[in-house]
Amino acid sequence: MKGVYFTIITFVIFLGILVYVNVITGSNMETSRLVTEKISAERIFYTWRAVDDHIEDVLNISVVKDNDTAIINDTLPAIQDVQNFLKLYQRFVNQTYRDPTIDIRFEDYNGNEIDLSAMDPQTLFIIEPMNIRYNYPDFGKNRLFVNADPSNFSFIDSINLYIKMKNVFFDCKPPRPDSPKDCEQWTPDNTLPDCSGMKYCLNFDLTFEDANTTVTKLYNFNAKYFNVESPKKSVVNLPVRNETASFTIKIEVGPLPTVIDIDLHNVQVDTSMEIDLNTTDFYINLASILNVSTVFGKKVDNL
Amino acid sequence: MTKGFVLTLDAFIAIITAVAISAVIINVIYAGGVSYFDKQQLAAIGYDLLAVLDLSKKFSSYIGMGGSQVEIDLGQQLQLLPQRYCGNITVSIYNGDIGPPVDFTLENSYNNLTDGCTKNQEITKVKRIFVNHDPQKFGFVELELWLR
């Protein structure tokens, strides 16, 4: 009888040990799974961020959302062949980052893999959900547009645009008092003293700085309010000159859906545009989706 | 008969005991090693370091810089790692041109290792790419991390 008791007690002790081992093993496996998933999630996140961050370097542009303002810093015209650069960038990502354990795809809105260089420059950056478009006719970036449909125009409170010219000087007064030409002659002129009572009125603050390095020469346009209701538009040709010739930069405001159209005629500039909206509920999309995935998960978001 | 049964039962219990104790020891050692958490921590710190250096334009600043100067600077950046971590960083800069035969040709590669470290542990690798617009260059950074 004693033997039976010993056997039962021993059996119970060992059963306890087995249960303990089982619990420890399960816990370790769970920890391993959680950590592996976390490492994978970090890998996906950082890979997505790295690929996304450098798209702006390829386009030579910086796009930032700051509360209710979209801030876009740009360099025009393009220094590089942007389409070729985009193609190379996509190949570089595929050849260095992509491997059997992680997939990186640029996709359209239907989930089909796309060629980045085939992105349409005319719908390049879109402020959603208002569908306000910051774009160029082509990747040469000689001309800059901001477009908005009349139904979404009321989301724009104001636009501030600062243009630093890098290779030309003002050829007009007041920055050059001795010049016979005026900087600001709107033809046609649909500028307004204020926006009161107007449905499609743009509050637009425009400043140019020339290439003068000794004395900073600025011109802040007097006109601040513009009737942009179709077919109304305001056009000004800013006289500038380089070492050999005089020419103009054409600035058009309106008619909707064109909010602003700036034709630089090959003048090299750095621009800083602030589009103030009447809401903070917006996001700025590039016309492509980046999908980074591993067997553990994926991040699929607009660039 | 009874004696034989008891001996068989004893032997059976001895085997179970040996297996159970071995399993406990293996599990305790495994849990005590905290290798999962170390690996996660190494990866997290590695990704953070590369992101900070990239976003502060550190990697782009190496374009056109002298090789020894870059390697000295890389050594200084590795000092940002916590004391108990070792790092081996390699920055490769490529020229890009649509092939064939190849799209990218290596222009320069720079490397440095945390002072006083040798690679004798399990290594965690993280990587990041970077791009420079003008001049047009493509960069690839690989960081190997391990515990000191």
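Me: What distance should the 58 residues of helix 1 of chain A span, and how far apart are its end C-alpha atoms?
Reply: This is a predicted model. Helix 1 of chain A covers residues 2-59, and at 1.5 Å a residue its 58 residues should span 86 Å. The expected span agrees with the distance between the end C-alpha atoms, which is 86 Å.

Me: How many residues lie between strand 1 and strand 2 of chain A, and which residue in the turn has a positive phi?
Reply: Strand 1 (residues 61-66) and strand 2 (residues 69-76) of chain A pair in the antiparallel sense over six bridges. Within this pairing, A:S62 stands opposite A:N73 in strand 2 of chain A. The two strands form a hairpin with two residues between them, and the turn residue with a positive phi, about 55 degrees, is A:N67.

Me: Which strands are the edge strands of the open sheet in chain A?
Reply: Three strands of chain A form this sheet in the order 3-18-19, with antiparallel pairing. Each edge strand pairs on one side only: these are strand 3 (103-107) and strand 19 (297-302) of chain A.

Me: At about what angle does helix 1 of chain A run to strand 18 of chain A?
Reply: Helix 1 of chain A lies across strand 3, strand 18 and strand 19 of chain A. Its angle to strand 18 of chain A is about 155 degrees.

Notes
Residues are numbered from 1 along each chain as its sequence is written. Chains are lettered from A and ligands numbered from 1 in the order in which they are written. This is a predicted model: local features need pLDDT of at least 70, side-chain atom pairs count only at pLDDT 80 or more; totals for chains, interfaces and linings use all residues. Side-chain values use heavy atoms; hydrogens and water are left out. Helices (H or I, at least four residues) and strands (E, at least two) are DSSP runs, numbered from the N terminus. The expected span of a helix is 1.5 Å times one less than its number of residues. Two strands pair if DSSP finds at least two bridges between them. Contact means heavy atoms within 4.5 Å. Axes are lines fitted to C-alpha atoms, for helices over the stretch in contact, and angles run from 0 to 180 degrees between N-to-C directions.
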